[in-house]
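Subject: Structure handover

Hello,

Here is the structure I promised to pass on. Please open it next to this message and follow along.

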Amino acid sequence: MIATPDRTPLPREFFDRPVLDVAPDLLGRILVRTTPDGPIALRLTEVEAYDGADDPGSHAYRGRTARNGVMFGPPGHVYVYFTYGMWFCMNLVCGPEGKASAVLLRAGEIIEGAELARTRRLSARNDKELAKGPARLATALDVDRSLDGTDACTSGATPLKMLAGTPAPRDQVRNGPRTGVAGDGGNGDIHPWRFWIANDPTVSPYRAHVPRRRRS
């Protein structure tokens, strides 16, 4: 018998830990996005860890800016960034306040509100593709920079909230190189900080970083 997912909100203490402890522990947890049209719930199946000043792949590697300020805490808040001039991606801030680290939400399974997600992801061939990749995930949940800094741990009303869900069994958690990240030592073995649930059809495909060619 499959256990009913725990709908208890995750406490801030859950996120007030090292990023490499938080990231794999987020697999199987539930993110609820409350919209004017209704709620959408997503079970996380793939994430990536970014460790601030100790991580060349992190947005906070070179220090605090107006763009990345939310990454410096408090933990449990949402960091949203805009990329490639067209997409948003969302992260959950973790670690002690003042030390920037965050977990990128790469993929998940829409378990409630799929009909709403479909209206935002018209190109998805099936429901498994609705949130298969970080930009697709943010699009399906209608996440943009207006939600940057949202507290996902508050007990009150909030547009984004993390619930306990059903943590992925440890023997089903896999890790490997982060997708398309520069500064990971070529093949990514320096920072194998992408975590996913084995054999889950919503997990996105791995792509190595391809350096941009300099124009002559």
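Which residues does Leu44 touch, not counting residues up to four places away in sequence? The list is Leu26, Leu27, Gly28, Arg29, Leu105, Ala107, Gly108, Leu137, Met162 and Ile197. Touching, or contact, means heavy atoms within 4.5 Å.

Before the rest, some ground rules. This is a predicted model, in which local features need pLDDT of at least 70, side-chain atom pairs count only at pLDDT 80 or more, and totals for chains, interfaces and linings use all residues. Residues are numbered from 1 along each chain as its sequence is written, and side-chain values use heavy atoms, with hydrogens and water left out.

The whole chain

The chain has four helices and nine strands. These are DSSP runs, numbered from the N terminus: helices are H or I with at least four residues, strands are E with at least two. Read from the N terminus, the order is β-α-α-β-β-β-β-β-α-α-β-β-β. The chain is as compact as a globular protein of its length, because its radius of gyration is 16 Å, close to the 17 Å that the globule rule gives for 216 residues. That radius is taken over C-alpha atoms, and the rule is 2.2 Å times the number of residues to the power 0.38. The C-alpha trace spans about 55 × 40 × 35 Å along its principal axes.

Of the 216 residues, 52% are buried. Buried means under 20% relative accessible area, exposed means over 50%, and partly exposed lies in between (1.4 Å probe, protein chains only). Take the contacts with a separation of 6 or more: 63% of them join residues 24 or more positions apart. The chain exposes about 10800 Å², and carbon and sulfur atoms supply 52% of that area. Areas come from the Shrake-Rupley method with a 1.4 Å probe; for residues, only the protein chains shown count as cover.

On charge, there are 29 positive and 25 negative side chains. Lys and Arg count as positive, Asp and Glu as negative; His and the chain ends are not counted. The centres of the two sets lie 7 Å apart, with each charge placed at NZ of Lys, CZ of Arg, CG of Asp or CD of Glu.

Start with E3, residues 38-50. Eleven of its 13 residues are buried, so the strand is largely enclosed by the rest of the structure. Two strands pair if DSSP finds at least two bridges between them. E3 has these pairings:

- E2 (residues 30-35): antiparallel, six bridges. The two form a hairpin with two residues between them. Arg33 stands opposite Ile40 in E3.
- E6 (residues 102-112): antiparallel, nine bridges. Val47 has Leu105 in E6 as its bridge partner.
- E9 (residues 194-197): antiparallel, three bridges. Val47 stands opposite Phe195 in E9.

Back to Leu44, which sits in E3. Leu44 is buried, at 0% relative accessible area. Leu26 is 18 residues away from Leu44 in sequence, and their C-alpha atoms are 6.8 Å apart.

Arg106 lies in E6. Its relative accessible area is 7%, so Arg106 counts as buried. Leaving aside neighbours within four places in sequence, Arg106 has contacts that include Glu46, Val47, Glu48, Lys132 and Arg194.

Lys161 belongs to E7 (residues 160-165). Lys161 is also buried, at 16%. Beyond residues up to four places away in sequence, Lys161 touches Pro9, Ile30, Leu31, Val32, Ala152, Thr154, Ser155 and Gly156. His59 is 102 residues from Lys161 along the chain, and their C-alpha atoms are separated by 23 Å.

Backbone points to check

Where is the cis peptide bond that involves Pro74? It runs from Gly73 to Pro74, with omega near 5°. Pro74 lies in the loop between E3 and E4 (78-83).

Asp142 is not a glycine, yet its phi is positive, near 60°. Asp142 is in the loop between helix H4 (134-140) and E7. At 33% relative accessibility, Asp142 is partly exposed.

Asn199 also has a positive phi, about 65°, without being a glycine. Asn199 lies in the segment after E9. Asn199 is exposed, with a relative accessible area of 77%.

Best wishes
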